[in-house]
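Hi,

Here is the model I promised to pass on.

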Amino acid sequence: MDKKTILDNGLLEQYLLGELNAQECEQIEQVLAFDTELKAQFDAIEKDFETLGLENAIEPPKGIKYQLIQDIREAKDTKNNRSNTNLKYYLGIAASVAALLMLGNFWMYNELNEVKDQLQTVETEKTELNDKLNKQIDNDIALFSTIAHPDTEQYVLKGNTLMPDGKVVSYVNHSTKSVVINTERLPKLDAEHDYQMWADVEGEMINMGVIAKDQNLMAMNYIDHAESLNITIEPAGGNDHPTVSQLVTNVYLN
Amino acid sequence: MQNDNFLIQQLKDKDELALSLLYDKYAGAIYSVIVKMVRDEGKAQNLLQDTFMTVWDKAESYDASKGRFYTWIFRIARNKTLNFLRKVEPLIQTDDFSVYDSKEEAISIDARYLELNGAITTLEQHHKEAIELVYFKGLTHKEAHQQMNVPLGTFKSYVRQALKQLRKAYTKSLSVLLLILNAL
């Protein structure tokens with residue numbers, strides 16, 4: 001499109017009035033951008049049209065401008081409110097997530113501590129159990145080594161009329177100075193009484209120890225020069241002197 | 001114009017005062033065009049408000065290098081009004097492209113809103129009518145020449161001649177103004 005076409009066809013006026021389509025507008029604008037003379041002509045027509053418009057102005061009611069400003073403020077407020085609401089919404093979500101994470105962390109921290117405590121307890125229990133087992137094993141080994149010793153002699157204490165079905169097997173070793181007894185066949189006693197073992201040395205009963213209720217095999221105190229082994233029923237925890245009337249079994253040593 | 005540039009920049013920065021001042025300057029001229037096109041004061045007022053709302057919203061897209069601010073608003077107002085007329089009264093558009101004639105009697109509007117003032121009133125009748133059709137009634141050149149029942153080329157020369165006359169009148173009034181200013 002050239003200047004002549006534009007002028008001959010009155011395209012400047014049509015362009016100004018907004019009659020042309022987008023493509024035509026673009027073509028006119030391209031020519032105007034480079035042709036200062038044509039641009040000057042266009043400026044003059046614009047000015048004329050503007051003057052014509054202003055000369056014919058009709059004052060609109062005052063309320064329109066007021067309403068316009070009101071609408072603009074309302075639109076602005078709505079926009080702000082919406083973004084505020086959105087912001088509040090997102091902040092709310094973020095706060096909730098943070099709170100949940102905190103709760104979760106707190107819970108996990110508690111769990112962790114609990115698990116740590118439990119682990120500690122298990123460790124302690126394990127150590128205690130180990131010690132106990134080791135002690136038990138040591139104990140058993142000691143007992144069995146006594147029993148298995150070639151110098152050990154076996155004496156069976158058969159129950160008398162007070163304990164017709166009961167018996168205790170004892171293993172005495174004078175070289176290692178040890179006594180082990182098997183109490184499997186001792187009748188059970190009530191909680192207030194215990195069996196106690198005594199060694200008779202020249203007519204005097206020497207305490208060899210109280211027989212434990214929860215062990216089938218146990219070591220007793222070895223007493224030098226013992227002539228016989230005796231078992232009496234005594235008050236729980238044992239007695240200083242044997243209650244002779246409660247003697248349930250005895251055996252003479254060789 | 002310098003003043004306008006500043007206000008337009010302020011408008012682009014969403015300054016309500018700038019909009020208010022530009023409205024004061026141009027709303028009357030725009031309202032006149034709209035009311036003559038739509039011939040209904042209430043509708044014209046809505047369209048005027050709508051136009052300036054668009055001016056506010058789209059101020060950023062106004063490019064001063066492509067034309068005057070008034071021209072930009074004028075085009076917005078004209079498009080809005082034509083769209084409105086096409087939408088609400090599609091049946092009124094008749095074969096002769098006249099959007100209004102068949103409804104002329106039905107519309108009640110203060111007659112002075114349709115009157116023209118200033119230099120245009122001094123033009124010859126056909127020049128005046130040519131400008132009135134394309135500028136104040138929103139017809140395209142193609143519609144207007146049929147309305148006036150003259151060939152398109154003739155119609156275009158009417159417009160050109162009319163503008164020439166108007167320019168002469170405006171230059172004269174400007175000279176008078178300058179003379180008065182000088183005298184003072």
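A:Glu202 counts as exposed because it has 8 C-beta neighbours inside 10 Å. The cut-offs here: a residue is buried with 20 or more other C-beta atoms within 10 Å of its own, exposed with 12 or fewer, and partly exposed in between, the C-beta atoms being placed from the backbone. A:Glu202 also has a positive phi of about 50 degrees, although it is not a glycine. You'll find A:Glu202 in the loop between β4 (193-201) and β5 (204-210) of chain A. (Helices are DSSP runs of H or I with at least four residues, strands are runs of E with at least two, and both are numbered from the N terminus.)

Before you go further: this is a predicted model, where local features need pLDDT of at least 70 and side-chain atom pairs count only at pLDDT 80 or more, while totals for chains, interfaces and linings use all residues. Residues are numbered from 1 along each chain as its sequence is written, and chains are lettered from A and ligands numbered from 1 in the order in which they are written.

B:Lys14, another residue other than glycine, has a positive phi near 65 degrees. B:Lys14 sits in the loop between α1 (2-12) and α2 of chain B, and with 14 other C-beta atoms within 10 Å it is partly exposed.

Back in chain A, on to the strands. Strand β3 (residues 178-182) has 4 of its 5 residues buried, so it is largely enclosed by the rest of the structure. Strand β2 (residues 167-173) runs antiparallel to β3(A), with 5 bridges between them; strands pair if DSSP finds at least two bridges between them. One bridge links A:Asn173 with A:Ser178. β2(A) and β3(A) make a hairpin with 4 residues between them, and A:Lys177 in the turn has a positive phi of about 50 degrees. β3(A) is also joined to strand β6 (residues 217-220) by 4 bridges, again antiparallel, and A:Ile181 has A:Met218 as its bridge partner there.

Chain B is built from 7 helices and 0 strands. Of its 184 residues, 34% count as buried. Taking contacts (C-beta atoms, placed from the backbone, within 7 Å) between residues at least 6 apart in sequence, 59% join residues at least 24 apart.

Now the packing. The largest nonpolar core has 61 residues, and those with the most contacts inside it are B:Ile30, B:Ile34, B:Ile73, B:Ala130 and B:Val134. α2(B) gives the most, with 14 residues. Leaving aside neighbours within four places in sequence, B:Ile73 is in contact with B:Tyr26, B:Ile30, B:Thr51 and B:Val55.

Finally, α7(B) has 32 residues and reaches 46 Å from its first C-alpha to its last, close to the expected 46 Å (1.5 Å times one less than its number of residues). Among its buried residues are B:Phe155, B:Tyr158 and B:Leu166. Their cover includes α2 and α4 of chain A, along with α5 and α6 (141-148) of chain B.

Cheers

Technical notes. Contact = placed C-beta atoms within 7 Å. Core = buried A, V, L, I, M, F, W, Y, C linked by C-beta atoms within 7 Å.
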